[in-house]
Amino acid sequence: MDSRLMQSSMRAELLFPESAAAAVEMPLADPVQDTDLLEAFDPGWEVIVWNDPVNLMSYVVYVFRQVLSFDTQTAQKHMLEVHHLGKSCVARATREKAEHYLQQLQQRGLKVSLQKSS
Amino acid sequence: MQVLRRHQVLEIVLFQPEANLMRKSLTEIYKNYQIAAEDLPEAVRKLWYSNSCELDAEDQAIWLDHLSEFRGENSQLIERLCDDLNGIESWPVILTVSLPEADRLLTVMNDQRLYLAAIHNLGELEINEDWDRVFLSPEKHPLVNIHFLAWLIELIIIRLDHPAS
C-alpha cells in the first residue's frame, strides 16, 4: 500500500475513532497528494532507447528479450527502429515500472531515457 | 575460437592469441570496475554511471550503490575467469561459464567495448572501417579488441539462443 494512503487512513482513525469513524465521511485528500497519486499510477511513462554506434545489434536484441521479455521478432523490430530512426519507445508504464526498465537497460550499457507521453 | 553449449554450461574455447586478448580485456575492465565513478574519465563515467532520470541526491546515491553492487558481482566472475586464464600451459584453454554467468559476461564485454570506444574516441566510422584498413589505423589495438569482443559476444548469444546449432 502506498505510504501516503496509509498515513491518510491512519489520520482518519485517530480523528474519528470506532463508530464515529464509520459515520463520518473521510476527508478528501490533499489536492497535492492527489496529483502525486495520479502520477504514481499513470501508465503514460515511455522508455526510450537511443541509437549508439558501439552496441551490437544482436546484443541490443538480446537485452530487449532479457529485460523486456520481448519475443525475438518484437525485439528485432525495436532494435531496427533504434538503428534507422535513432530511437524507439520500448515500453509504456507507470513511472516506477518505467524507471525499473530504464535501470535494467542502462546497467547493460544501452542509452535510455524516460519521457511522459503526450 | 569456439563456444560450445553443454546443457546449462557454455564452454569458451580460446587459442593462445585469443586467450591473451581476453585476459587483457578482462584485466582492464576489472581495474576500471574498481575505480569510483567520480575518478573515472568523464566519457566513461557518463557511459557507465549516468542516469537520465532527474534524481535527487538520495536517489542518485542509491543508483550508484546499485551499479557498484552490480559491477562488484561482475568483478567476481572476471576474477575467476582471469584465474582460469593465468598459468595456462597447454592450448586451447576452455573457460566454463554457467548460463547466468554468460549473461553477465556479455555485459562485461559490452562495457569493455563501450569503454574502449569512449577512451579512444572511436565512433561509427572507425568501428565500421574495412578490416584491412583497421590494421593501418593508429587505433588498431583498441579496434581489434573491440572487434574481438564483438565476435565473442555474437558467438555466445548464438549459443544461448540455439543450444544445438
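These legends go with close-up views of a predicted model.

**View 1. The sheet of chain A.** Three strands make up an open sheet here, in the order 2-1-3, with antiparallel pairing. Strand 2 (87-93) and strand 3 (111-116) sit at the edges with a single partner strand each, so one side of each has no neighbour in the sheet. On average, neighbouring strands of this sheet are turned by 25° against each other, ignoring direction.

**View 2. Strand 1 meets strand 2 in chain A.** Strand 1 (residues 45-50) of chain A pairs with strand 2 of chain A over six bridges, in the antiparallel sense. To get your bearings, look for Ile48(A), which stands opposite Cys89(A) of strand 2. Helix 5 of chain A lies across strand 1 and strand 2, and runs at about 135° to strand 2 of chain A.

**View 3. A positive phi at Ser69(A).** Zoom in on the loop between helix 4 (57-68) and helix 5 (72-85) of chain A, and you'll find Ser69(A). Its phi is near 60°, a positive value in a residue other than glycine. Is Ser69(A) buried or exposed? Ser69(A) has 9 C-beta neighbours inside 10 Å, so it counts as exposed, the cut-off being 12 or fewer.

**View 4. The hairpin of chain B.** Strand 1 and strand 2 of chain B pair in the antiparallel sense over five bridges, and they form a hairpin with two residues between them. Within the pairing, Val3(B) stands opposite Ile12(B) of strand 2. His7(B) is in the turn, with a positive phi of about 55°. His7(B) is exposed too, with 7 other C-beta atoms within 10 Å.

**View 5. Two crossing helices in chain B.** The axes of helix 1 (residues 16-34) and helix 4 (residues 99-119) of chain B come within 10 Å and cross at roughly 80°. The two helices are therefore roughly perpendicular to each other. On the helix 1 side, the contact is made by Ser25(B), Glu28(B), Ile29(B) and Asn32(B); helix 4 of chain B brings in Val108(B), Asp111(B), Gln112(B) and Tyr115(B).

**View 6. A cis peptide bond in chain B.** Which kind of peptide bond links Trp91(B) to Pro92(B)? That bond is cis, with omega near 0°. As for where to look, Pro92(B) is in the loop between helix 3 (57-85) and strand 3 (93-98) of chain B.

Definitions and conventions: Residues numbered from 1 in each chain as written. Chains lettered and ligands numbered in written order. Predicted model: local features only at pLDDT ≥ 70, side-chain atom pairs only at ≥ 80, totals over all residues. Helix = DSSP H or I, 4+ residues; strand = E, 2+ residues; numbered from the N terminus. Buried ≥ 20, exposed ≤ 12 C-beta atoms within 10 Å, placed from the backbone. Axes fitted to C-alpha atoms, helices over the stretch in contact; angles between N-to-C directions. Parallel < 35°, antiparallel > 145°, perpendicular 65-115°, else oblique. Contact = placed C-beta atoms within 7 Å. Pairing = 2+ DSSP bridges.
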